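Subject: Structure handover

Hello,

Please find the structure below. My notes on it come after.

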Amino acid sequence: MNNSYSPQQLKQIIALGLRQQQHQQNNVNQQELYEIAEQSGLNSQQTEAAIKQWQAGQQLQRRHDKHFLAFKLHAISYLSISVLLFMIDWVTGGVWWFFWPILGMGMGLLGHALKFIKLSPIGDRTGLGGCFRHF
């Protein structure tokens with residue numbers, strides 16, 4: 001076993017150790033969380049209430065993200081079908097009719113958008129459901 005290290009090896013070993021230390025310091029178990037909260041002046045009931053509020057916020061955010069994905073898929077299908085209907089109407093000629101089904105589907109998309117906007121995550125006071133943070 002070699003007990004001497006080159007400056008390059010030393011640099012690599014120390015960098016690896018620092019990364020491991022940083023990773024370990026970034027993860028806090030529940031007991032450590034309660035200890036940190038107690039050092040900050042919170043009792044266990046306040047900490048438990050804060051944890052539950054945070055978990056509820058996370059659950060609401062996941063729900064919001066799920067609804068936004070559904071809305072995006074609806075909008076993409078609306079646009080795709082609209083283009084397809086326009087192309088069919090253009091190729092077949094005659095009286096323009098493509099806008100009628102597009103109008104009907106647009107009402108469904110509008111309803112979906114309004115439902116999405118109504119779902120407001122915690123802390124959003126605009127009533128827009130944080131929908132513009134995705135754009």
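This is a predicted model: local features need pLDDT of at least 70, side-chain atom pairs count only at pLDDT 80 or more; totals for chains, interfaces and linings use all residues.

Residues are numbered from 1 along each chain as its sequence is written, and side-chain values use heavy atoms, with hydrogens and water left out.

The mean pLDDT (the predictor's confidence in each residue, from 0 to 100) is 82 for the chain, and 83% of the residues score at least 70. By element, the mean is lowest in helix α1 (residues 7-26), at 76, and highest in α3, at 92. Helices here are DSSP runs of H or I with at least four residues, numbered from the N terminus. Residues 125-129 have pLDDT below 50; beyond near neighbours in sequence, the stretch has eight contacts in the model (contact: heavy atoms within 4.5 Å).

The largest nonpolar core consists of Phe71, Ala75, Tyr78, Leu85, Phe98, Ile102, Leu109 and Ala113. Such a core is a set of buried Ala, Val, Leu, Ile, Met, Phe, Trp, Tyr and Cys residues joined through side-chain atoms within 4.5 Å. α3 and α4 (99-118) each supply at least two of its residues, and the largest share, four residues, comes from α3. Leaving out residues up to four places away in sequence, Tyr78 touches Ile102, Met105, Gly106 and Leu109.

Phe68 lies in helix α3 (residues 44-92). Phe68 counts as buried because its relative accessibility is 6% (buried: under 20% relative accessible area, 1.4 Å probe, protein chains only). Its C-alpha atom is separated by 6.8 Å from that of Phe116, 48 residues apart along the chain.

Regards

Key. Buried means under 20% relative accessible area, exposed over 50%, partly exposed in between (1.4 Å probe, protein chains only).
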